[in-house]
Amino acid sequence: MARYHIETYGCTSNRGETQQIEQALREGGHHPVDGPEAADVAILNTCTVLEKTEQNMLRRAKELDAETPGDLVVTGCMALAQGDMFREEDVDAEILHWDEVPDHVLNGECPTVTDGTDPVLNGVVGILPIARGCMSDCSYCITKQATGRIDSPSVEENVEKARALVHAGAKELRITGQDTGVYGWDINQGESLLPELLDRICDIDGEFRVRVGMANPKGVHGVREELARVFAENDELYNFLHAPVQSGSDDVLADMRRQHAVGEYVEVVETFDEHLDYWTLSTDFIAGFPTEEPEDHEQSLALMRETRPEKINVTRFSKRPGTDAADMKGLGGQTKKDRSKELTDLKMELVGEAHEEMVGTERSVLLTEDGTDESLVGYDEAHRQVVIADAEERGLDVGDTVDVEITSHNTVYAFGEPV
């Protein structure tokens, strides 16, 4: 039986795929080791969202190739979209789709079935990829080359996976995918099945919460009323929506081929505002897309002020090989840096204000991970991060749900005292 070492980079979907790889390997009788030096096979699950990430992946692959006495397997988005780059760098590795990895390691052997691995991270978090791929054709995105078009299992299949995670002890289910908003478009005549799926998952017996991962505005827009109603009616759902708008300019969105207009994004936000009193809007902005004019950048700032997201990811545009945007004449690095800073400064202002409004309120927090100095970290009903100091002395543990009063914040997360 093989000894394996696995490393994962990138999004929650990647971590979910790694979890499934590990479960298959352990069920086959293989076991993990702490470092690549002792491994019969090292597995690198890659990300390629930015050029800097790409270089880090190549560097790490070279290191693992040198450190591992056995085989090296590279999987994940960069492996599928840019596998030739590893070969060009003389990395001796098998380039595989993630679901091919277990069979490659098994190498034709009949599996020796064991008790398997715990499918719940930290004994608390269960990751549920509900589909793979998306329906978008963004001009700057390389990930689509790896994931392809949306491929949706049935609602019943996903509900059964969710039920298994809850029965295995999951207190938090993280619904993931490249675009959860278009789940079911391929099997439901172009209409999202996400509201139905969430309703069904919330009907599962047990004490748990559910966080919905990234959903592009276009997919959400068509079912916004129904989806907001599902959130309002099910306490199991974190009141949290990650809808990446990327720009406040319709001209830039058209060049990005983002499929949605600014107005559709705003309508999604307004609909959730109507149904939910306390919720978190998470969104993304790209600074310095090649066709972004100064007035386009100002429109992004204005949109951020108008919709006031509580969680914001700001990324400088990075050319990705093989994408249409890579052939566009780019903006200067200083321009991108300056625009990114303006967006980030406004982000910190808005996020700080949102956390300041939390101070003095009481929240129900599910503790999901260890912090520092005996603190524990968890999330409230809107999936806002809350830290509880000296949690172990208070008899608290990961997996507990505790009512707290928010006493302070450090802009990006809050501090709470049990009540």
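What volume does the largest cavity have? The largest cavity has a volume of about 40 Å³, and the structure holds one cavity of 30 Å³ or more. The structure is a predicted model, in which local features need pLDDT of at least 70 and side-chain atom pairs count only at pLDDT 80 or more, while totals for chains, interfaces and linings use all residues. Residues are numbered from 1 along each chain as its sequence is written, and side-chain values use heavy atoms, with hydrogens and water left out.

Rolling a probe the size of a water molecule over the atoms shows where empty space is left. On a 1 Å grid over the protein atoms alone, a cavity is a set of points where a 1.4 Å probe fits but cannot get out, whereas a pocket is an open set with protein on both sides within 12 Å along at least five of seven lines; lining residues have an atom within 4 Å of a point. Grid points are joined across faces, edges and corners, and a volume is the space filled by probe spheres set on the points.

The largest cavity is lined by Met135, Ser136, Asp179, Val182, Trp185, Asn216, Lys218, Gly219, Arg258 and Gln259. Sorted by class, this lining has three nonpolar, four polar and three charged residues (Ala, Val, Leu, Ile, Met, Phe, Trp, Tyr, Cys and Pro count as nonpolar, Asp, Glu, Lys and Arg as charged, and the others, Gly among them, as polar).

The second largest pocket holds about 460 Å³ of space. It is lined by 24 residues, of which Gln20, Trp98, Leu128, Pro129 and Lys161 are the closest to its centre. Helix H1 (12-27), strand S6 (125-129) and helix H6 (155-167) each supply at least two residues of this lining (helices, H or I with at least four residues, and strands, E with at least two, are DSSP runs numbered from the N terminus). H1 gives the largest share, seven residues. By class, the lining of the second largest pocket has 12 nonpolar, seven polar and five charged residues.

Turning to the sheets, five strands form an open sheet in the order S2-S1-S3-S4-S5, with parallel pairing (two strands pair if DSSP finds at least two bridges between them). Strand S2 (31-32) and strand S5 (94-95) are at the edges and have a single partner strand each, so one side of each is left without a neighbour in the sheet. Within this sheet, six bridges link strand S3 (residues 41-46) and strand S4 (residues 71-76) in the parallel sense, and Leu44 stands opposite Val74 in S4. Helix H3 (residues 77-88) packs on the sheet, touching S3, S4 and S5, and its direction makes about 135° with that of S4. Helix H2 (residues 51-67) lies across strand S1 (3-8), S3 and S4, and runs at about 180° to S3. Contact here means heavy atoms within 4.5 Å; axes are lines fitted to C-alpha atoms, for helices over the stretch in contact, and angles run from 0 to 180 degrees between N-to-C directions.

Another open sheet has three strands in the order S9-S10-S11, with parallel pairing. Its edges are strand S9 (240-242) and strand S11 (311-316), each with a single partner strand, so one side of each is left without a neighbour in the sheet. On average, neighbouring strands of this sheet are turned by 15° against each other, direction ignored. S9 and strand S10 (residues 280-287) run parallel and are joined by three bridges; Leu241 stands opposite Leu281 in S10. Helix H13 lies across S10 and S11, running at about 175° to S11. In H13 (residues 333-358) lies Glu356, which counts as partly exposed because its relative accessibility is 47% (buried means under 20% relative accessible area, exposed over 50%, and partly exposed in between, with a 1.4 Å probe and protein chains only).

S15 and S16 run antiparallel over five bridges, and His409 has Ala414 in S16 as its bridge partner. Four residues lie between the strands of the S15 and S16 hairpin, where Thr411 takes a positive phi near 85°.
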